[in-house]
Amino acid sequence: MENERGDRFRRYSASPLDPLRDFFRFIFKIIGFVIALAVIAGIIFLLYGVLRAQQTGTLDVFLTQTTNALDKIPFVPNFIETLKTIQDPSRTIRTFDWQAEIDKDSENKELGLIFQSFRSIKKIYLENELITLIGSVKVTSLKDNSKVSFSCRGIKSNIEGNIEPSEPIVLQKDSTEVFSVRCEIPSETIKLDGKEVKAETIVLSANYDFKTNAYVEAYTMSSQFLKQKQNNQEDIFEGEEGISRLNKQTGEIKSQYTAGPMKVLINSQESQPFTEAGPYQNNPYYILGILLERSSSFYEGKLNKLNNVYLYLPKNFELEDLSIKNKFELIEDYEDEIFNKYKLKQTEIDYLNSFCRDPGVLDFVCQNYWERGFAITYVNFKISSLDKADLDKNYIRAEVEYEFQAQISQVVTIAKSLVA
């Protein structure tokens with residue numbers, strides 16, 4: 001013992017600061033022990049709080065409100081879509097390679113239906129209370145006698161709400177209307193199931209008619225004249241410098257479409273100009289596609305159904321025998337000196353409208369069929385005659401009438417008691 005004290009004395013004599021270091025080392029050990037206890041207690045408290053929040057329902061309320069708020073931030077849905085594409089690269093297969101530009105003359109972001117507001121009249125409801133939400137809607141129509149109808153639903157509880165106006169509203173072409181919408185979830189329909197609070201997402205849906213037009217330049221030239229120009233390395237599209245959508249080197253042309261929730265892409269898979277000989281040896285037919293794709297995230301919602309699809313071809317363009325392909329029918333009473341008008345048959349429209357309607361289907365093609373769009377049809381056409389051998393310009397047009405379902409959501413809280 002005396003030797004130990006002697007050693008300590010000699011050490012302290014050599015290093016006078018060692019007693020102070022030993023003292024602080026002892027203090028730090030105590031502080032570390034206290035911090036460790038605090039961390040353990042904090043983790044236990046946090047786990048208890050999460051468990052308690054889950055049992056009472058407050059965790060569900062927080063998560064539901066946070067998710068709903070994030071969905072309304074402009075960049076978040078696009079970011080989530082990117083993450084889904086990284087997880088499932090096959091999603092890119094559903095995006096069309098065709099490029100198109102919006103018709104600047106029609107560009108107006110107020111076209112269609114816009115939710116100006118949607119809010120609950122109360123922050124918290126009791127279990128037996130009527131839940132009421134009020135919305136303001138602005139609608140601009142582009143077609144005669146277009147209709148808009150409303151519905152609302154509690155998503156988690158799968159409860160249909162009562163809506164006002166209850167009947168479809170008919171709008172006249174080029175008219176704009178602003179009106180209120182009232183959604184009521186009947187009292188005593190959303191149950192707490194033993195919890196103290198519960199979050200419910202109320203979705204207001206508006207189905208409205210819309211029409212989108214699309215067109216693409218259609219150049220023709222005799223096959224002999226085309227070969228001659230190509231052999232002489234001449235500019236085939238001489239005089240068409242003003243069309244920025246035309247790639248003179250490849251003969252590819254971007255189509256244009258009018259503004260709206262969906263964009264229509266119409267084009268041929270073969271390059272232009274079209275000739276009476278056709279794109280392939282012993283085959284005079286070109287392939288024409290009409291595609292429907294979501295235009296932008298500005299319009300919240302999804303395509304609900306197709307109503308009508310019309311195709312306008314120059315009179316010297318001829319569809320492959322309609323009795324064989326049986327997709328379009330010629331509208332005989334359409335009087336126009338330049339175009340023939342065709343209508344997609346109802347059987348084709350019914351088939352497209354019935355596709356991917358099962359919400360539980362796991363096929364990757366169906367996952368975003370109605371959200372992102374699809375190919376309406378592909379048809380074959382040929383040049384039956386030429387107005388002149390040199391370059392001639394006309395147009396191929398499409399008109400698609402459809403119903404779009406716009407949606408907006410709001411989260412409400414149902415509580416066992418209003419007393420905190």
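1. The torsion about the S-S bond of Cys152 and Cys183 is about 90°, so this disulfide is right-handed. The model is a predicted one, and it holds one disulfide. A disulfide is a covalent bond between the sulfur atoms of two cysteines. Here the sulfur atoms of Cys152 and Cys183 are 2.2 Å apart.

2. The place of the two cysteines comes next. Cys152 belongs to strand 5 (residues 146-154) and Cys183 to strand 9 (residues 176-185), so the bond ties together parts that are 31 residues apart in sequence. Both Cys152 and Cys183 are buried.

3. Which residues of helix 5 are buried? In this helix, which covers residues 223-231, they are Ser223, Leu226 and Lys229. Viewed down the axis of helix 5, the buried residues fall within an arc of 125°, so they line one face of the helix. Gln224, Lys227 and Asn231 are on the other side of helix 5, and these are exposed.

4. After helix 5 comes Gln233, and the phi of Gln233 is positive, near 55°.

5. Ser120 is part of strand 2 (residues 112-120). A polar atom of the Ser120 side chain lies 2.6 Å from the backbone oxygen of Lys122. The side chain of Ser120 also has a polar contact of 2.7 Å with the side chain of Tyr125.

6. What does Ser120 touch, leaving aside residues up to four places away in sequence? Its contacts are Tyr125, Thr132, Leu133, Gln410 and Val412.

How values were computed
Residues numbered from 1 in each chain as written. Predicted model: local features only at pLDDT ≥ 70, side-chain atom pairs only at ≥ 80, totals over all residues. Heavy atoms only, no water. Disulfide = S-S within 2.5 Å. Helix = DSSP H or I, 4+ residues; strand = E, 2+ residues; numbered from the N terminus. Buried < 20%, exposed > 50% of the residue type's maximum accessible area, 1.4 Å probe, protein only. Arc of directions from axis to C-beta. Polar contact = N/O pair within 3.5 Å; in protein donor to acceptor, adjacent residues only side chain to side chain. Contact = heavy atoms within 4.5 Å.
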